[in-house]
Amino acid sequence: MKRLSGGEAVVRVMVKEGIKKAFCVPGESYLGVINALYDHSDIQLIAARHEGGASFMAEAYAKTSGDVGVCMATRGPGASNLAIGLHTAMQDSTPLVALIGQVERPFKEKEAFQEVNFSGLFSHLCKWAVEIDRVERIPELLHRAFHIARSGRPGPVVVSLPHDMLEDTAEFVEQKPYYVGAPNPDEKSVDEALKEIAKARRPVLIAGGGVIISKSTSLLIKFAEAMHIPVVTAFRRFSAFPNTHPCYAGWLGFGTPSSLLDYIKNADLVIALGTRFSQVTTQDYSLLADDARLIHIDISPDTIGKVYAPALPIVTDVKQFLIKALERIPQIREIERKKLITELHKRYRDFSSIKADYSLDYVDLDGMMYDLTNRLPKEAIITSDAGNFFGWLSRYYRFEQGNSYIGPTSGAMGYGLPAAIGAKVARPDKTVISFSGDGGFMMTIQELETAVREKIPVISIVVNNNMYGTIRAHQEKHFPNRVIATELTNPNFAELARLFGAHGERVEKNEDFILALERALFSGSPAVIEVMTNPAILSVNQPKEIAERL
C-alpha cells in the first residue's frame with residue numbers, strides 16, 4: 001500500500017467514483033486537493049468566478065449527464081456562496097458532492113479565520129454533511145458520500161476537509177464505489193394500481209423528476225399508450241414526457257390553464273409518478289380534491305404522504321414500477337379513454353399554439369418564441385432562471401426529447417448561464433441555450449468569462465425589461481401605484497459580452513431576432529443575445545391591449 005496525503009486520497013476516491021468534471025473557486029484551505037488534481041488530467045477542473053456559479057454548474061452537469069456532480073469551495077465565505085446550488089440540488093433531487101475546505105483541526109471552536117460549523121450549517125440543506133478529521137477515513141467516508149448522493153431520492157452531500165488533514169499522510173486502503181439496487185415494487189401493489197387505473201373514468205398521471213432521473217420516459221410512453229391515460233408533467237419537469245405526444249395534457253406550475261387544473265381537481269384517480277408534490281406543482285397545495293383517490297409511486301418513503309395521503313402508496317423506483325406494470329397491462333375502456341386524451345391534448349395544443357406576433361417598437365416575446373421554436377433543433381437543451389419571462393417558454397416551447405430542459409424547481413435566479421455551462425460540458429454535442437431575465441443574468445454574468453476561457457459555446461438569451469419583473473407584477477397586484485425597489489438599469493449586455501470576448505447581439509425588434517440567433521449559433525463561441533422587451537407587459541397571459549394603455 002502506498003502512502004498518500006489527504007488531498008491525494010480525495011482525488012484517488014474521485015477517480016474510483018468515475019468523476020470526469022469538477023467545478024470550483026480555488027481556495028487555500030483545500031489546495032491539497034487542487035494540487036493532487038494536477039496529476040490527474042482525466043478529471044477536468046473548471047474554475048468559476050463565484051462559488052454560486054460553480055455549484056450551479058455542477059448541479060446542471062449532474063442533471064444532464066446522470067452522474068454525480070462535484071463542486072469545491074473554500075471555508076466560510078466560499079462555502080456560504082456555494083449554498084444556493086446545494087439548495088437547488090436538494091429541491092431538485094440532484095446527486096451532488098460538495099468538497100469544502102475547513103480550518104485546521106487545532107483551531108476549531110476558537111472562531112478561527114473563516115470558521116463555520118459545516119455540519120450544523122448544511123445539515124438541514126443537504127442529505128448529509130460530514131467532516132473527515134482523519135486522513136485514514138477518507139476512502140470510507142468519501143465513498144459513502146457519493147453513495148448517499150446518488151441513492152434513494154438523490155441529493156447533495158457536503159464533505160468538510162480540514163486544511164491540515166489534507167496534508168497528513170497515511171497508507172491508502174483502497175475501496176470501491178458501491179451501489180444499491182433500485183427497490184422493486186410489490187407485485188400485489190402493481191396489480192392493485194393497474195386495476196384502479198383500468199376502472200377509472202377520469203384519471204390523470206403526474207410525471208415528476210423520478211421519471212427523468214431513472215431514464216424512464218420511453219417506458220412511460222408505452223405505459224400511457226397502453227393504458228390510454230393522460231400525462232401531465234410536474235413543475236419544471238417538461239421533458240419527462242414528450243410534449244407533442246397525443247397523451248400529453250400539459251404542465252403544472254405558474255400559468256397552468258384553469259381547464260387543466262379543473263380536470264385534475266375533478267379526476268377520480270390521480271397517479272403521482274416520481275414526484276414530491278411541490279408547492280408550485282400543487283398550486284399552493286390546492287391541486288387535489290379532498291376526496292381524490294391517489295396512487296403515489298416514489299423511491300422515497302419520506303415523500304409519500306408528506307402532502308397528500310395516498311389510497312395506495314408504492315415505494316419503488318419509477319423504472320421498476322413501469323417495467324412490472326407493462327408486463328401485466330389489463331383491459332380498459334379504450335374508446336372512452338381515447339376520447340378523453342384526445343380532448344385534453346387538443347386543449348393543450350390550443351393553449352400553447354403560438355402566432356408570429358411581431359413588433360417594430362420592441363421584441364414581442366410571442367414572436368420571438370415562434371422564431372425560436374422553428375429554428376432550434378429538437379434535441380437542443382434549454383436552461384433557465386426564474387422570472388416572469390419563463391412564462392413564454394413554459395407555454396410555447398414544446399420539449400420533445402428526454403432531459404432537454406434543465407431548470408431549478410427551487411426558483412433560483414442566476415441559474416441559467418452557469419447551468420448552461422454545466423449542461424454543455426456534459427453534452428458538448430448538443431446546442432445549449434440559456435434563458436434569463438436581466439435581473440437574474442446580472443447575478444451570474446461573471447460566468448461568461450468562464451465560458452470564454454474554457455471555450456464552452458453556450459448561447460444566453462437575456463430578456464431585458466429593466467426591472468425585477470416577477471416582483472413588479474406582484475407589487476402591481478398587491479400594492480398598486482406603490483412601485484419601489486423593482487426598477488433596474490442595465491449595461492448594454494451585447495457590448496459587455498464582446499468585452500468578455502464572447503459574441504454579442506442586441507435585438508430591439510422582432511425582425512432582427514432570427515438573424516441574431518443564426519449568427520450566435522454559427523459563431524462557435526459563447527454568445528449573448530439581449531432582447532429588449534416592453535416593460536409594460538409583465539406576463540405571457542397579460543392582454544397586449546392593457547399594456548398599450550399603461
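Predicted model: local features only at pLDDT ≥ 70, side-chain atom pairs only at ≥ 80, totals over all residues.

User: How many bridges join strand S15 to strand S17, and do they run parallel or antiparallel?

Analyst: In general, strands of a sheet pair through backbone hydrogen bonds, in either a parallel or an antiparallel sense. Here strand S15 (residues 381-384) and strand S17 (residues 432-437) run parallel and are joined by four bridges. Within that pairing, Thr 383 stands opposite Ser 434 in S17. Two strands are taken to pair if DSSP finds at least two bridges between them. Strands (E, at least two residues) and helices (H or I, at least four) are DSSP runs, numbered from the N terminus.

User: What is the strand order of the open sheet of six strands, and which are its edge strands?

Analyst: The order is S16-S15-S17-S18-S20-S19, with parallel pairing. Strand S16 (405-406) and strand S19 (503-507) are the edge strands, each pairing on one side only.

User: How many residues of strand S7 are buried?

Analyst: Buried means under 20% relative accessible area, exposed means over 50%, and partly exposed lies in between (1.4 Å probe, protein chains only). In strand S7 (residues 156-162), seven of the seven residues are buried, so the strand is largely enclosed by the rest of the structure.

User: Which way do the side chains of S7 point?

Analyst: In a regular strand the side chains alternate between the two faces of the sheet. In S7, Pro 156, Val 158, Ser 160 and Pro 162 point one way, whereas Val 157, Val 159 and Leu 161 point the other way; all are buried.

User: Which strands pair with S7?

Analyst: Strand S5 (residues 96-102) pairs with S7 in the parallel sense over seven bridges, and Gly 101 stands opposite Leu 161 in S7. Strand S6 (residues 128-131) also pairs with S7 in the parallel sense, over four bridges. There Trp 128 stands opposite Val 157 in S7.

User: How should I read a buried residue in a loop? Where does Val 363 lie, and which residues is it in contact with?

Analyst: Contact means heavy atoms within 4.5 Å. Val 363 lies in the loop between helix H12 (334-352) and helix H13 (365-375), and it counts as buried because its relative accessible area is 1%. Leaving aside neighbours within four places in sequence, Val 363 is in contact with Met 368, Val 507, Glu 508, Lys 509, Asn 510, Val 531, Met 532 and Thr 533.

User: Is Glu 449, in a helix, buried or exposed?

Analyst: Glu 449 is found in helix H17 (residues 447-453) and counts as buried, at 18% relative accessibility. Beyond its neighbours within four places in sequence, Glu 449 is in contact with Arg 49 and Phe 500. Gln 475, in helix H18 (residues 469-478), is also buried, with a relative accessible area of 12%. With neighbours within four places again left aside, the contacts of Gln 475 are Pro 480, Arg 482, Val 483, Ile 484 and Thr 486.

User: Where does Lys 455 lie, and what is its phi?

Analyst: Lys 455 has a positive phi of about 60° although it is not a glycine. This residue lies in the loop between H17 and strand S18 (459-464) and is exposed, with a relative accessible area of 68%. A second case is Lys 215, where phi is near 55°. Lys 215 occupies the loop between helix H8 (209-213) and helix H9 (217-227) and counts as exposed at 57% relative accessibility.

User: What can be said of the protein chain as a whole?

Analyst: The secondary structure comes to 21 helices and 20 strands. Of the 550 residues of the protein chain, 57% count as buried. Among contacts between residues at least 6 apart in sequence, 75% join residues at least 24 apart. Along its principal axes the C-alpha trace spans about 70 × 60 × 45 Å.

Conventions:
Residues numbered from 1 in each chain as written. Heavy atoms only, no water.
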